[in-house]
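I opened the model and kept notes as I went. The entries start with the whole chain and end with single residues.

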Amino acid sequence: MIELELPFPPSINHYYRRVGPRTLISREGRRFRKKVCATLAFIGVKPMIGQLHMEIELYPPDHRRRDIDNSQKALLDALQ
C-alpha cells in the first residue's frame, strides 16, 4: 500500500482555461500537477498497471463549501 500526502487540488472550475477555441490546463492546474509529479518521483512511485483501489481523504484549506467531485477530478488527472 502506498500512502501519499498531496497538496489540496484546485477546483475543476479553476483547473482548465479556455483560450479561444482551445481548452488548456490553467497555470494553477499545471502547478498542482507539477507538485504531484515531484512528490511521486521523490518517493519513487513507478507507473502501475491493472486495477487500483484508492481511498481519498480531503482536508480543505478553509471552510468554504465545495463540490467533492471537482477536487477528485483534478487529483485523479494529476495522478494519471
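**Notebook: chain overview, then one loop**

I began with the surface: the chain exposes about 7,000 Å² of accessible area, and carbon and sulfur atoms account for 53% of that. I note that this is a predicted model.

Next I checked the fold. I found three helices and two strands. Along the sequence they run α-β-β-α-α. I then took the extent along the principal axes, and the C-alpha atoms fill a box of roughly 40 × 30 × 25 Å.

I looked up burial. Of the 80 residues in the chain, 19% are buried. I also looked at contacts between residues at least 6 apart in sequence: 62% of them join residues at least 24 apart.

I turned to the loop between helix 2 (27-43) and helix 3 (68-79), where I located glutamate 57. Is glutamate 57 buried or exposed? Its relative accessibility is 58%, so I logged it as exposed, the cut-off being over 50%. I found a polar contact of 2.4 Å between the side chains of glutamate 57 and tyrosine 59. I also took a distance to proline 21, 36 residues away along the chain: the C-alpha atoms of proline 21 and glutamate 57 lie 35 Å apart.

Leucine 52 sits in the loop between helix 2 and helix 3 as well. I read a relative accessible area of 56% for leucine 52, so this residue is exposed too.

Last, I asked which residues form the nonpolar surface patch. I listed Ile2, Leu4, Phe42, Ile43, Met48, Leu52, Met54, Ile56 and Leu76. Together they have about 880 Å² of accessible area.

Methods: Residues are numbered from 1 along each chain as its sequence is written. This is a predicted model: local features need pLDDT of at least 70, side-chain atom pairs count only at pLDDT 80 or more; totals for chains, interfaces and linings use all residues. Side-chain values use heavy atoms; hydrogens and water are left out. Helices (H or I, at least four residues) and strands (E, at least two) are DSSP runs, numbered from the N terminus. Buried means under 20% relative accessible area, exposed over 50%, partly exposed in between (1.4 Å probe, protein chains only). A polar contact is a pair of N or O atoms within 3.5 Å; within protein, one must be able to donate a hydrogen and the other to accept it, and residues adjacent in sequence count only if both atoms are side-chain atoms. Patches are made of residues with over 30% relative accessible area and no salt bridge: like charges are joined within 9 Å, nonpolar side chains (Val, Leu, Ile, Met, Phe, Trp, Tyr) within 5 Å. Accessible areas come from the Shrake-Rupley method with a 1.4 Å probe; for residues, only the protein chains shown count as cover. A salt bridge is a side-chain nitrogen of Lys or Arg within 4 Å of a carboxyl oxygen of Asp or Glu. Contact means heavy atoms within 4.5 Å.
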